[in-house]
Amino acid sequence: MESSEGLLTEEQRENVEVLSPTLKSPRAKSSSVLLSEHGIAVRHVRRTHSGKHIRVKKDGAGGKGTWGKLLDTDVESHLDRNDPNYDSGEEPYELVGTAVSDPLDDYKKSVVSIIEEYFSTGDVELAASDLKELGSTEYHPYFIKRLVSMAMDRHDKEKEMTSVLLSALYADVINPTQISRGFFMLVESADDLVVDIPDTVDILALFIARAVVDDILPPAFIARARKMIPESSKGNQVLQTAEKSYLSAPHHAELVERRWGGSTHFTVEEVKKRIADLLREYVESGDTVEARRCIRKLEVSFYYHEVVKRALIFAMETQSAEALILKLLKEAAEEGLISSSQMVKGFSRMAESIDDLSLDIPSAKTSFQSIVPRAISEGWLDASSLKASGENGQASGPDDEKLKQYKKQIVSIIHEYFLSDDIPELIQSLEDLGQPEFNPIFLKKLITLAMDRKNKEKEMASVLLSALHIEIFSTEDIVNGFVMLLESSEDTALDILDASNELALFLARAVIDDVLAPLNLEEISNKLPPNCSSGVETVCTAQSLLSARHAGERILRCWGGGTGWAVEDAKDKIQKLLEEFESSGVLGEACQCIRDLGMPFFNHEVVKKALVMAMEKKNDRMLNLLQECSDEGLITINQMTKGFGRIKDGLEDLALDIPNAEDKFTFYLEHVKERGWLLPSFGFSDAS
């Protein structure tokens, strides 16, 4: 082949030499373009890595003796795989398109199926579990948006179910910030939602109002959202409607809660009563079809273990009803109405409480031991999942017998306290037992019994816990008691539907009442066994509650008020009652005011303020009040000692305002020690 350089004239070669620096530049035009601009015909020859020359396909352009179009880039190369110089690297690359998966799209598809199943079954526990297993917690605001938007286009039943599920997921599965974000996304998309749902404004406003009433959205949400929403948008109308039409109305909480036909969930007492009624009617009629229909109508499939337990108790109480009861349980299991796991839980709970039941039904243990093999042989009870029958509470040694006896005694003590509200009497009873090593067990039993009662008893339990911490319980006792509670929280939840949330409130309340320090929550979490995920989640819920705005006031009244005051309010009331006594001198009225405070664990503040007032006013009448309180048992010796200890610790600061404070305190100390108000170990030089 003739060299391309030989085809050029002398003038053209000079032009090429002039252009050569330009051709080396990476930003320069292609050599074909530059040469052609100078009127030079370029033969398109490309040399491959293997040394072969590939000629450009001719299409007849350029005329005879030419090499085709000057700027022809449509090169068609032919590689022969049989060629000895064949190089597979010269084969053209083939791009294969693959679909890129979007995690958010996958999440949205998954939550739709979870929501659809929840609307079908009403199983809150299952929906929460499925959402946890799904993971991708950062996308939870999209779950809120999809759940509410799907419910908006359905009946009132689904709307109510949605509000119930949101309350159940709050803090435990979805944190408060994500719930607020989800609702804000709904408000933002109101203009789009109204295209498919004409009454979007009213329905979404009601969802927001219900969330505020249920304490899963802060009231400030509306004000914050309004700042970020255009005034002309439907979202702004939603916020205005929620605030003015629902949350500002008289008795708005009751109206909002009942707007969709009432709640779909019942209290534990109501569920238990319905179960007892349907079992009683079934034994009278013998109609298993109707009984199963009534069980299904309860719509608490996650609580059917209670049906099993109560049915077994019914069979033991009434021997003639045993055959009918077992027939109902068998048919409910075969139909799938009562799942295998619920059946096993019911039998397991019965096995755990059989000793206590035997006190009322002497033949209970014998009956239960005959029912279990029969249920297993008929195939409606899974023997492999059932707890060993030996776990029936029998004492295996002196220590177990001692613990068993202690538990019976403290149950009576706690029941008496719930009736009398007498904290000093309860403390005296515990001291009489003389078993401080079991203090954590007392705490566990106290809170477990309170959780199965009304808010009044829950408030009383929190107040008692504060008193016990000051009087006879150490912080270690409190921590260990809560660890025991959380370790058994899954079992507790079998009897108490909302056990996890209530335990979280008890934990948070203990921190607010200074029974526990915030760091103790981490200590409790670290002490839990690795498989106790529900306990860890409960601690996290308590921490979330404590981190919320105005947490102190809300948690202090978490049981609907009760005897607890805010610390500042209590101090103010103590100051006023002491000033009134100082002017009137009426002992009976002053003692009654202290009693009305209902804070026996805070009476050390009464002692402290009374002593300071006596020093300031040089009036020893306050000692008469303290004497009366001591004689009545209104202020315990521990509270009295703590009050004097606080004065002793602050004497240096007190002496700045009251020069003779130290002399006065020494006088008061000798006075009260003669009368036995203080613990014998308390001395002027001792640490409080």
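## Surroundings of Thr 162

Contact here means heavy atoms within 4.5 Å. On that basis, and leaving aside neighbours within four places in sequence, Thr 162 is in contact with Tyr 118, Phe 119, Leu 147, Val 148, Ala 151 and Phe 207. This is a predicted model, in which local features need pLDDT of at least 70 and side-chain atom pairs count only at pLDDT 80 or more, while totals for chains, interfaces and linings use all residues. Residues are numbered from 1 along each chain as its sequence is written, and side-chain values use heavy atoms, with hydrogens and water left out.

Thr 162 lies in helix H6, residues 156-169 (helices, H or I, of at least four residues are DSSP runs, numbered from the N terminus). With 0% relative accessibility Thr 162 counts as buried (under 20% relative accessible area, whereas exposed is over 50% and partly exposed lies in between, with a 1.4 Å probe and protein chains only).

## Salt bridges

The whole structure holds 21 salt bridges, each a side-chain nitrogen of Lys or Arg within 4 Å of a carboxyl oxygen of Asp or Glu. One of them joins Arg 292 and Glu 331, at 2.5 Å from N to O; because Arg 292 lies in helix H14 and Glu 331 in helix H16, the pair ties together parts that are 39 residues apart in sequence. Arg 292 is buried at 15%, and Glu 331 is partly exposed at 24%.

Within helix H32 (residues 603-617), Lys 609 and Glu 605 are 4 residues apart, about one turn of the helix, and they form a salt bridge with the closest N and O atoms 3.5 Å apart.

Notes:
Helix = DSSP H or I, 4+ residues; strand = E, 2+ residues; numbered from the N terminus.
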